[in-house]
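Here is a short tour for your next look at the model. Have the structure open and follow along.

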Amino acid sequence: MHLKHALKDALLVGVLALLLFLPMTGIALAENYSFNARLHVPFLLAGMVMLGRFIFSYALHTYHSRQWVKRLIHREDRPRFILRPQRHWILLILFIFGLVLPFTLSNYGLNTAILALIYVLLGLGLNIVVGLAGLLDLGFVAFYAVGAYTFALGGQYFGLGFWGAIPVAAAIAALCGVLLGFPVLRLHGDYLAIVTLGFGEIIRLILTNWIEVTGGPNGVQVPTLQVFGFEFTRIAKAGGVPIHEYLGVAYSTAYRYWFLYLVLFLVVCAMIFVLNRLRSLPIGRAWEALREDEIACRSLGINPVTVKLSAFSMGAMVGGVAGVFFAAQQGFINPTSFTFFESALILAIVVLGGMGSTLGVVLAAIVLTLLPEVLREFSQYRIVLFGGLMVLMMVWRPRGFISLQRRQFEGAA
Amino acid sequence: MTAYILAQQLVNGVVLGAIYGLIAVGYTMVYGIMGMINFAHSEIYMLSAYLSTIVLAVLVYWGIQSPLVLILLTLGVAMSMTALYGWVIERLAYRPLRDAPRLAPLISAIGISLILQSYAVLTQGAKTKGIPTFIEGVTRFGDAVNNVQISNIQVLILIIALCSMVALNFIIQHTAFGQACRATQQDRGMAEILGINTDKVISLVFVIGSAMAAVAGLLVTMNYGSFDFNIGFVMGVKAFTAAVLGGIGSLTGAMLGGIILGVSESLFAGLVNSDYKDVFAFSLLVIFLIFRPSGLLGKPEVEKV
């Protein structure tokens, strides 16, 4: 009886899958308006879907499995990993590990590690906006681009250096956030998503089309990295002293990456610390309260526009700082690095990390940057995987995988 | 001379606007009923361009020659295929999220659009695809130098767009389903109490929206001749702008907003700068959201506790 039901169900799903897959996967468009048929593909795919569905629905007919699924879905969000003050030595070990790590890596490894840290920073920034304040920002890459181009163009036109670029980029990105957020944040939340989506595209279009200033699609050279008069090139380019000559050691390209890694690592650590503190400050609590219930917040005297604006611009600021590091690492930037796909990737980091969880975002950023490096053969399926995980995550556990214990007020139960 | 350029841009703008309107219908109906932006809608449109080209290629391979039969058959098959996609997506990615936090369906929609985009790349390759022009002919008004051209494809686009809008309006205003649809839009809970199967209504809204996107997909592809997996993104933002312009939730508003956006964008491209025409469209969206968020024909949004 169960078997018959499951078979019928699987057959139905299989036919549906076949219909869906038939034209797209079965017929490949070729040059000159012709096509190549490869009809075995849709049948194969549909067969897989059918089999999966059959196993799924047949397995679900036993009492135990149903109980198991029920537990899985209705499990309350209780914390499974709590970072207590007694466990601070774990953080210390991780911190020291992070400091030592670059000296053990090759240049390729260093580059990947820096990229991972940049995504951690971006994830943390977007996490303030999406995870804490509950505002969907689909154009986060715009602030990233603003930061990167502030460094590159500021260096080109105004002689802005690396250290100067960080606060300037942060300020400009935050300003963009305020200018964009102010009119839109008064509206229904969904409008923000579409406006930020448009804003990301506007920034990219301007960078591409304003050729006289930004160099257009050809991109722009980032000024050479210079720290306290030292440079990381073999021969001094900007009037400083090459650091290997000063220290009397052999030249290595790794020095520049070591420097970038260490600064970035410290910035990320500082960011995590600040975020942690922010969450227990009134402003952080207001963000989370606003995410849960806007009307209740308003009736309690919180001004939703300013609170949202603070989250939005703070996220933008972090994105701008990340952009400076990206520009410094690449040495050369162009608009193709700032497409909607980047925004979606950062959003995937925040979502898969479990919105609002700092630890989750850090882990997700590292995993999502390293994964494509490890699984090179599957890199073309990466986006499908991200998308699928995002949907699954929302359907299954919209609050995230890793839930940390929420800070509680003194005296509260 | 300038008057002719102006008139030409006007014609192009109306044609473009009709297409925006067709896609905007999908956004506006879903937003009206569920209060949610269906971000995957633009990718449905993108998929429909692929589907209609594939269907067209197969039909030509089977030896069908007559343009009218080709278009009608392609339209029919592409619409039903795309509608099926819309239905399945609603079922898989949105229905389980009816009672989830507000952000959940939006993120799920982003996930779906990522999947659909890379589905197109994986199955058909990232290269730009083309479709042959099988309807030729241009009607000219004016003399050899100063003239306004309307191609037969443009005329066809306008006719098909108009027909589908009239049909859709009829369905929404005069059928039992339309009545259920409007009731669900006004108050989902009450509609459910009165015996309307709101799940079914929402499913059907997705089906209709997707079918309309398929019409747009075929028409745009016929007009421009080429497309790739990226076309959905910009089109989506613009169609949504059209929906906001006309007043989100309103069908005639969507069409009106589409035409307004199309015309003003063409005029901007023709008279000011064509590099920044997308920037212009997005700016229009932001300006409208600031000064008149309820659009031209919409009612102001009232937040309910």
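Predicted model: local features only at pLDDT ≥ 70, side-chain atom pairs only at ≥ 80, totals over all residues.

**Helix H5 of chain B**
- H5(B) covers residues 152-174, which is 23 residues.
- From first C-alpha to last, H5(B) reaches 32 Å, close to the 33 Å expected at 1.5 Å a residue.
- Buried positions in H5(B) include B:Ile153, B:Ile157, B:Ile160, B:Ser164 and B:Leu168.
- An α-helix has 3.6 residues a turn, so residues three or four places apart point the same way.

**H5(B) with H8(B)**
- These two helices, H5(B) and H8(B), pack at an angle of about 175°, and their axes are 10 Å apart.
- Because angles over 145 degrees count as roughly antiparallel, H5(B) is roughly antiparallel to H8(B).
- H5(B) brings B:Ile153, B:Ile157, B:Ile160, B:Ala161, B:Ser164 and B:Leu168 to the contact, while H8(B) brings B:Ile208, B:Met212, B:Val215, B:Leu219, B:Met222 and B:Asn223.
- Sorted by class, this contact of H5(B) with H8(B) holds 10 nonpolar, 2 polar and no charged residues.

**Chain B with chain A**
- Now to the partner chain: 55 residues of chain B are in contact with 46 residues of chain A.
- Elements of chain B that each supply at least two residues to this side include helix H2 (41-61), helix H3 (67-94) and strand E1 (129-130).
- H4(B) gives the most to the side of chain B that touches chain A, with 15 residues.
- That side of chain B has 42 nonpolar, 7 polar and 6 charged residues.

How values were computed:
Residues numbered from 1 in each chain as written. Chains lettered and ligands numbered in written order. Helix = DSSP H or I, 4+ residues; strand = E, 2+ residues; numbered from the N terminus. Expected span 1.5 Å × (residues − 1). Buried ≥ 20, exposed ≤ 12 C-beta atoms within 10 Å, placed from the backbone. Contact = placed C-beta atoms within 7 Å. Nonpolar A, V, L, I, M, F, W, Y, C, P; charged D, E, K, R; others polar. Axes fitted to C-alpha atoms, helices over the stretch in contact; angles between N-to-C directions. Parallel < 35°, antiparallel > 145°, perpendicular 65-115°, else oblique.
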